[in-house]
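Have the model open as you read.

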Amino acid sequence: MDYAARRRNQGGLFEGLYRVIMRRNSVYVTFVIAGAFLGERAVDYGVHKLWEYNNVGKRYEDIPVLGQRQSEE
């Protein structure tokens with residue numbers, strides 16, 4: 001078995017990626033746009049949760065009597 005035949009059968013990660021995603025321009029552009037959208041959502045969610053975790057007890061929602069005056073009797 002020569003090198004070219006083994007290479008064709010073996011494939012590889014990048015060759016498989018090329019065959020599935022990058023062979024047609026429309027599929028590639030759709031993959032990039034969907035990846036950017038999902039990546040942005042994941043980063044936004046992660047940063048929001050990290051901010052909430054670091055600010056527990058300091059947020060407006062965590063202070064029960066904020067904005068309420070003591071009744072004068």
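First, a working definition: a salt bridge here is a side-chain nitrogen of Lys or Arg within 4 Å of a carboxyl oxygen of Asp or Glu. Keep in mind that this is a predicted model, where local features need pLDDT of at least 70, side-chain atom pairs count only at pLDDT 80 or more, and totals for chains, interfaces and linings use all residues. Residues are numbered from 1 along each chain as its sequence is written, and side-chain values use heavy atoms, leaving out hydrogens and water.

**Charged pairs**

Side chains of opposite charge can pair when their charged atoms come close. How many salt bridges turn up in a search of the whole structure? The search finds three, and here they are:

| Pair | Closest N to O distance |
|---|---|
| E15 and R19 | 4.0 Å |
| K49 and E52 | 3.7 Å |

E15 and R19 sit four residues apart in helix α2, about one turn of the helix. (Helices are DSSP runs of H or I with at least four residues, strands are runs of E with at least two, and both are numbered from the N terminus.) K49 and E52 are three residues apart, again about one turn, in helix α3.

R59 is found in the segment after α3. Salt bridges that share partners link K49, E52 and R59 into one network. Is R59 buried or exposed? R59 counts as buried because its relative accessibility is 19%; the cut-offs are under 20% for buried, over 50% for exposed and partly exposed in between, with a 1.4 Å probe and protein chains only. E52, at 22%, is partly exposed, and K49 is partly exposed at 39%. Leaving out residues up to four places away in sequence, R59 touches W51 and E52, where contact means heavy atoms within 4.5 Å.

**The helices**

The protein chain has three helices and zero strands. Of its 73 residues, 7% count as buried.

Helix α2 (residues 13-22) packs against helix α3 (residues 25-54) at an angle of about 95 degrees, with the axes 8 Å apart. That makes α2 roughly perpendicular to α3, a label covering 65 to 115 degrees. On the α2 side, V20, I21 and M22 meet V27, Y28 and F31 of α3. The residues of this contact come out as six nonpolar, no polar and no charged.

Conventions:
Axes are lines fitted to C-alpha atoms, for helices over the stretch in contact, and angles run from 0 to 180 degrees between N-to-C directions. Angles under 35 degrees count as roughly parallel, over 145 as roughly antiparallel, 65 to 115 as roughly perpendicular and the rest as oblique. Ala, Val, Leu, Ile, Met, Phe, Trp, Tyr, Cys and Pro count as nonpolar, Asp, Glu, Lys and Arg as charged, and the others, Gly among them, as polar.
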